[in-house]
Each structure stands twice: as structure tokens, then as C-alpha cells.
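Subject: Structure handover

Hello,

I am passing on the structure we spoke about.

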Amino acid sequence: MARAEEAMSKSDWKTAEPMLQSWIAAHHSDARALFDAGYCADAQGRTEDAIGLYRRAAEANPASFEAQVSLGLALARSGKSAEARPVLEKATSLNPGPVGP
């Protein structure tokens with residue numbers, strides 16, 4: 001996971017994605033890995049893939065601010081405002097945690 005996140009910090013999605021996919025195959029409910037994979041898909045303009053991965057991350061960890069807000073924003077960008085609204089409302093009730101990289 002650390003190597004995948006290092007690649008992500010360099011916007012090297014092509015390196016990060018296979019590592020994340022391999023990790024998720026073995027750890028299918030790892031909320032952080034699912035969020036990271038969603039972020040990679042989102043960064044490459046694959047919004048529907050990102051929505052699916054963010055949704056899985058939010059289901060794996062409903063208290064994840066990152067997963068909830070990213071899911072809500074991706075839904076809104078894709079024109080699904082009715083679906084985005086409750087997700088974004090939930091995100092506003094969560095602790096975003098410390099600011100990090």
C-alpha cells in the first residue's frame with residue numbers, strides 16, 4: 001500500500017492502480033485501498049469507476065470523511081444530485097481528521 005500511495009503522490013496512476021487492484025483482491029474490504037483506487041480512477045476521469053470504488057470504501061468505513069465527500073462530489077459531477085445530497089450531508093457530520101498529504 002505504501003508504494004501505491006507513493007506512486008499516487010507523484011500522480012503516477014498507471015503504477016499505483018495495479019498495486020491497489022492486487023491489494024484489494026486480497027483485502028476486499030480495506031476502506032483505505034478502496035478509497036485510493038477510487039481516487040486514481042477519479043483522477044483519470046473515470047467517474048463511474050470512481051463512484052463504485054468510493055461507494056465500497058464508504059460501505060467499508062461509514063465514518064470515512066474522505067470516502068463520503070469524494071463519493072458525494074463524484075455523484076454530483078455525474079449529474080446524480082438527488083443521490084449526492086444525502087451522501088454530502090452525511091460527510092458534513094463526520095470528522096475530517098487532521099490535514100495530511
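The notes below go from the whole chain to single helices and then to a few residues.

This is a predicted model, in which local features need pLDDT of at least 70 and side-chain atom pairs count only at pLDDT 80 or more, while totals for chains, interfaces and linings use all residues. Residues are numbered from 1 along each chain as its sequence is written, and side-chain values use heavy atoms, with hydrogens and water left out.

Whole chain

The chain has 6 helices and 0 strands; helices (H or I, at least four residues) and strands (E, at least two) are DSSP runs, numbered from the N terminus. Read from the N terminus, the order of elements is α-α-α-α-α-α. The radius of gyration is 13 Å, close to the 13 Å that the globule rule gives for 101 residues, so the chain is as compact as a globular protein of that length. That radius is taken over C-alpha atoms, and the globule rule is 2.2 Å times the number of residues to the power 0.38. Along the principal axes, the C-alpha atoms fill a box of roughly 35 × 25 × 25 Å.

Of the 101 residues, 36% are buried. Here buried means under 20% relative accessible area, exposed means over 50%, and partly exposed is in between (1.4 Å probe, protein chains only). The accessible surface comes to about 5,900 Å², and 55% of it belongs to carbon and sulfur atoms; these areas come from the Shrake-Rupley method with a 1.4 Å probe, and for residues only the protein chains shown count as cover. Among contacts (heavy atoms within 4.5 Å) with a separation of 6 or more, 43% join residues 24 or more positions apart.

In soluble globular proteins, nonpolar side chains tend to be buried together. In this chain the largest nonpolar core has 25 residues, and those with the most contacts inside it are M8, L20, C40, Y54, L71 and L75. Helix 1 (2-9), helix 2 (13-26), helix 3 (31-43), helix 4 (47-60), helix 5 and helix 6 each supply at least two residues of this core. A nonpolar core is a set of buried Ala, Val, Leu, Ile, Met, Phe, Trp, Tyr and Cys residues joined through side-chain atoms within 4.5 Å. Neighbours within four places in sequence aside, M8 touches W13, A16, L20, D36, Y39 and C40.

The expected span is 1.5 Å times one less than the number of residues. Buried in helix 5 are A67, Q68, S70, L71, G72, A74 and L75, and the buried residues of this helix pack against helix 3, helix 4 and helix 6. Just after helix 5, G79 takes a positive phi of about 85°.

Helix 6 covers residues 81-92; its 12 residues reach 16 Å from first C-alpha to last, close to the 16 Å expected. Its buried residues are A84, V87 and A91. They cover an arc of only 75° around the axis, which puts them on the same side of helix 6; the arc is that of the directions from the helix axis to the C-beta atoms. On the other side, A82, R85 and T92 of helix 6 are exposed. The buried residues of helix 6 pack against helix 5 (65-77).

Single residues

Most residues other than glycine have a negative phi. S11 is not a glycine, yet has a positive phi of about 55°. S11 sits in the loop between helix 1 and helix 2 and is partly exposed, with a relative accessible area of 47%.

A60 belongs to helix 4 and is partly exposed at 35% relative accessibility. Beyond its neighbours within four places in sequence, A60 is in contact with S29, A31 and L34.

P62 lies in the loop between helix 4 and helix 5 and is partly exposed, at 40% relative accessible area. With neighbours within four places in sequence left aside, the contacts of P62 are Q68, K90 and L94.

N95 lies in the segment after helix 6 and counts as exposed at 61% relative accessibility.

Regards
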